[in-house]
Amino acid sequence: MTAPASDADRNPLLLFERHRPRLYAIAYRMLGAVAEAEDVVQEAWLRWNATEHSTIETPEAWLVTITTRLSIDRLRAAKAEREHYTGVWLPEPMLMSAPATPEQAHELADDVSVAFLYMLERLSPDARAAFLMRDVFDADYEDIAQTLGKTPAAVRQLVRRARQQLRDGTPRDAVPRATLHRLLLAFSDAMQRSDFHGLHALLSDDAELVGDGGGKVNAFRSLVGGKRLAQLFYAGTLRFRDAMRTEVVQINGQWALLRFIDGELESAQSYETDGERLTRILVQRNPDKLERIAAAMRKR
């Protein structure tokens with residue numbers, strides 16, 4: 001006996017809302033920009049709303065396909081624009097509360113982190129879509145092929161090459177979230193206390209800082225060396241003194257650090273670690289990309 005259809009199955013709006021989180025997850029991972037991901041999901045809704053739903057056998061597959069194709073088109077345009085971006089382009093960070101369940105923590109921790117999205121920028125739009133659908137969303141090669149309009153063999157090759165391109169930038173061993181949290185609390189404390197030696201001790205000798213100012217504010221494109229980075233942060237503590245405040249929060253499913261100057265959000269800093277010291281810092285200073293986090297923090 002066939003189970004009766006639910007209200008969501010009968011109502012196109014409710015059905016779309018059921019799948020909206022997954023569609024947004026695809027679009028954000030593809031684009032690394034909140035507004036652009038929201039635009040893609042809205043366009044998917046408009047197309048869904050204008051479609052004869054009785055002809056769609058599997059709504060979720062239809063919506064995922066449309067969202068992925070829209071994201072690819074948007075990413076192609078975005079890549080052309082990012083070639084003229086001032087400085088280094090880093091993904092727009094999202095402020096998140098702590099995951100409620102271990103499953104949510106697993107889903108958010110690695111595949112949506114700022115570091116992961118930054119690495120994905122080296123992939124072509126099609127390769128990025130194929131890699132995400134296979135390794136993040138666990139889709140079958142046949143389904144990916146249908147979505148991208150390619151053969152399964154071509155998709156397998158795309159995914160294989162994407163994995164190879166990303167391999168060099170991926171940490172060899174996963175580090176527990178609690179380890180990064182502990183290191184960031186210590187780093188934040190050393191920053192607040194203007195402790196140069198404390199800052200230096202927490203940074204690896206070859207630590208790297210990458211900054212995104214978007215041409216709106218000054219930012220280092222790249223700065224390498226634990227001592228140099230410690231000197232940079234130490235100089236900031238001397239310059240701003242009591243006007244500076246730091247807070248360790250959840251950004252993109254990972255622990256990160258927010259720095260405030262005179263009560264205003266100055267940067268969102270995402271960190272990577274080898275388990276013992278901090279190895280890379282991605283510093284978002286572009287005020288346009290900080291706007292949502294700043295607004296959320298003001299409401300707290």
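Modeller: Let us start with accessibility: a residue is buried under 20% relative accessible area, exposed over 50%, and partly exposed in between, with a 1.4 Å probe and protein chains only. Arg 241 counts as exposed because its relative accessibility is 55%. This is a predicted model, in which local features need pLDDT of at least 70 and side-chain atom pairs count only at pLDDT 80 or more, while totals for chains, interfaces and linings use all residues. Residues are numbered from 1 along each chain as its sequence is written, and side-chain values use heavy atoms, with hydrogens and water left out.

Colleague: Where does Arg 241 lie?

Modeller: Helices (H or I, at least four residues) and strands (E, at least two) are DSSP runs, numbered from the N terminus. Arg 241 is in the loop between helix H12 (226-240) and E4. Its phi is positive, about 50°, although Arg 241 is not a glycine.

Colleague: Is Asn 252 buried or exposed?

Modeller: Asn 252 counts as buried, because its relative accessibility is 0%. This residue belongs to the loop between E4 and E5, and its phi, near 50°, is again a positive value in a residue other than glycine.

Colleague: How many helices and strands does the protein have, and what confidence does the model carry?

Modeller: The protein has 13 helices and 7 strands. Confidence is given by pLDDT, the predictor's own score for each residue, from 0 to 100. The average pLDDT is 90, and 90% of the residues score at least 70. Over residues 102-107, however, the pLDDT is below 50, and this stretch has 3 contacts in the model beyond near neighbours in sequence. A contact here means heavy atoms within 4.5 Å.

Colleague: What share of the residues counts as buried?

Modeller: Of the 300 residues, 47% count as buried. Among contacts between residues at least 6 apart in sequence, 64% join residues at least 24 apart.

Colleague: How should I read a nonpolar core?

Modeller: A nonpolar core is a set of buried Ala, Val, Leu, Ile, Met, Phe, Trp, Tyr and Cys residues joined through side-chain atoms within 4.5 Å. The largest one in this protein has 48 residues, and those with the most contacts inside it are Phe 16, Met 30 and Leu 120. Two or more residues each come from helix H2 (12-31), helix H3 (34-49), H4, helix H6 (114-120), H7, H8 and H9. H2 gives the most to this core, with 9 residues.

Colleague: Which residues are buried in helix H13?

Modeller: In H13 (residues 287-298), Lys 289, Leu 290, Ile 293, Ala 294 and Met 297 are buried. Down the axis of H13 these residues fall within an arc of 125°, so they line one face of the helix. On the other side of H13, Glu 291 and Arg 298 are exposed. The cover over the buried residues includes strand E2 (203-212), strand E4 (244-251) and strand E5 (254-261).

Colleague: What caps the N-terminal end of H13?

Modeller: A polar contact is a pair of N or O atoms within 3.5 Å; within protein, one must be able to donate a hydrogen and the other to accept it, and residues adjacent in sequence count only if both atoms are side-chain atoms. Asn 286 caps that end of H13, with a side-chain oxygen 3.0 Å from the backbone nitrogen of Asp 288.

Colleague: What does the side chain of Thr 273 reach?

Modeller: Thr 273 has its place in strand E6 and counts as buried, because its relative accessibility is 11%. Its side chain reaches the backbone nitrogen of Gly 275 at 2.9 Å. A polar atom of the Thr 273 side chain also lies 2.8 Å from the backbone oxygen of Arg 277.

Definitions and conventions. Arc of directions from axis to C-beta.
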